[in-house]
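Here are my notes on the model, as numbered points. Please read them with the coordinates open.

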Amino acid sequence: MELVSVQCESSNIEDCINSVLSKSQELLSSKSGFISSSKITLTFGAFMNLTVTLLIDLRGNMLKGILAEYSTGRNKEDAINRTLEKLNRFLPRDAQVVNFEIGTYTTPVTRRTYAVGVVVYNAPLEKKSFTEFTITERRELLAGVLETFNYNPRVLNISEIARMFGVSRDSIYYDIEQILKERKINR
C-alpha cells in the first residue's frame, strides 16, 4: 500500500483543475496497482483548494485516474448538472468509481455560480491476446501459474499453452526451464 496526494490552490478554478489533472496523470501513469480508497477535499473562498489523497494497493493493476471538471450555471442545480454531464462524458466505460465530490461556489459580486466535480476511478486495463504477449510477459504469467502448482511443470498442458501463445512447444519448455533456473538462483 502507498499513500500519494495531488494538491492545488489557486484563485482561478480552471488553472487549479488543470494543475491537479496534469499532476495526477504524471503520478498515476508511473504507478502499478489500483486505487483502493481516496479522500477529496474541495474548498472555496478567495482561493479554490483541491486536494486528492489516494491509497494505492500495489497488488494487481488497473487503469487509475482522476477526472475534474467545472461549469457555470444560472443556479447551483444547473451548474451541477452541467458539470456532471462533462464528467460522465469522460468517465471510462466499465470504470469503478472509488470516490467523488461536487462543490459549488457563488461569487459575491457577479453572483455567478460555479460547480466543480472530481471523480476518482479505476478501470480495467485493455486486455490483449495471449499471442500479443512479449517473452517477458509470457514468462511472468507462466511463473505465476507454476507458483500456484508448487513449481511442478508436469501439471501443465504444454501443447495447449503453446497453442494459446502462438509459439512452439519448445519455446514453452525453454520458458519453464528459465523460470525454474531463476527460482533456484533466487533461493
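This is a predicted model: local features need pLDDT of at least 70, side-chain atom pairs count only at pLDDT 80 or more; totals for chains, interfaces and linings use all residues.

1. Helix 2, dimensions. Helix 2 covers residues 76-90, which is 15 residues. From its first C-alpha to its last it reaches 22 Å.

2. Helix 2, buried residues. Which residues of helix 2 are buried? They are Asp78, Ala79, Thr83 and Leu87. Note that Asp78 is on this list. The packing partners of these buried residues are three strands: strand 4 (63-73), strand 5 (96-106) and strand 6 (113-123).

3. Thr83. This residue belongs to helix 2. Its relative accessible area is 0%, so Thr83 is buried. Setting aside neighbours within four places in sequence, Thr83 contacts Glu69, Tyr70 and Ser71, and also Ala115, Val116 and Gly117. Thr72 is 11 residues from Thr83 in sequence, and their C-alpha atoms are 8.3 Å apart.

4. Glu85. Helix 2 also holds Glu85. Is Glu85 buried or exposed? Its relative accessibility is 51%, and the cut-off for exposed is over 50%, so Glu85 counts as exposed. Between Glu85 and Ser71 there are 9.8 Å, C-alpha to C-alpha, and the two are 14 residues apart in sequence. Ser71 is also one of the residues that Thr83 contacts.

5. Helix 3, dimensions. Helix 3 runs over residues 135-148, 14 residues in all. At 1.5 Å a residue it should span 20 Å. Its end C-alpha atoms are 20 Å apart, so expectation and model agree.

6. Arg138, Leu142 and Leu146 are buried. Viewed down the axis of helix 3, the buried residues fall within an arc of 70°, so they line one face of the helix. The cover over these buried residues includes helix 4 and helix 5. On the other side of helix 3, the exposed residues are Thr136, Glu140, Glu147 and Thr148. Arg138 deserves a look in the viewer, as a buried residue of helix 3.

7. After helix 3. Which residue with positive phi follows helix 3? It is Asn150, with phi near 55°. Asn150 is not a glycine, yet its phi is positive. The residue sits in the loop between helix 3 and helix 4. With 63% relative accessibility, Asn150 counts as exposed.

8. Tyr151. The loop between helix 3 and helix 4 also contains Tyr151. Its phi is near 55°, again positive in a residue other than glycine. The relative accessible area of Tyr151 is 21%, so this residue is partly exposed. Please check the backbone of both Asn150 and Tyr151 in the viewer.

9. Helix 4 against helix 5. Two packed helices are described by the angle between their axes and the distance between the axes. Helix 4 covers residues 158-165 and helix 5 covers residues 169-186. Their axes come within 8 Å and cross at roughly 105°. Helix 4 and helix 5 are therefore roughly perpendicular to each other. From helix 4, the contact uses Ile158, Ser159, Ile161, Ala162 and Phe165. From helix 5, it uses Arg169, Ile172, Tyr173 and Ile176. Sorted by class, the contact has 7 nonpolar, 1 polar and 1 charged residues.

10. Ser38. Strand 2 (residues 34-43) is the place of Ser38. Its relative accessibility is 17%, so Ser38 counts as buried. Not counting residues up to four places away in sequence, Ser38 touches Thr53, Leu54, Val98, Asn99 and Val120.

11. Asn12. What is the setting of Asn12? It lies in the loop between strand 1 (2-10) and helix 1 (13-29). With a relative accessible area of 33%, Asn12 is partly exposed. Asn12 and Ile135 are 123 residues apart in sequence, and 49 Å separate their C-alpha atoms in space.

Definitions and conventions: Residues are numbered from 1 along each chain as its sequence is written. Side-chain values use heavy atoms; hydrogens and water are left out. Axes are lines fitted to C-alpha atoms, for helices over the stretch in contact, and angles run from 0 to 180 degrees between N-to-C directions. Helices (H or I, at least four residues) and strands (E, at least two) are DSSP runs, numbered from the N terminus. Angles under 35 degrees count as roughly parallel, over 145 as roughly antiparallel, 65 to 115 as roughly perpendicular and the rest as oblique. Contact means heavy atoms within 4.5 Å. Ala, Val, Leu, Ile, Met, Phe, Trp, Tyr, Cys and Pro count as nonpolar, Asp, Glu, Lys and Arg as charged, and the others, Gly among them, as polar. The expected span of a helix is 1.5 Å times one less than its number of residues. Buried means under 20% relative accessible area, exposed over 50%, partly exposed in between (1.4 Å probe, protein chains only). The arc is that of the directions from the helix axis to the C-beta atoms.
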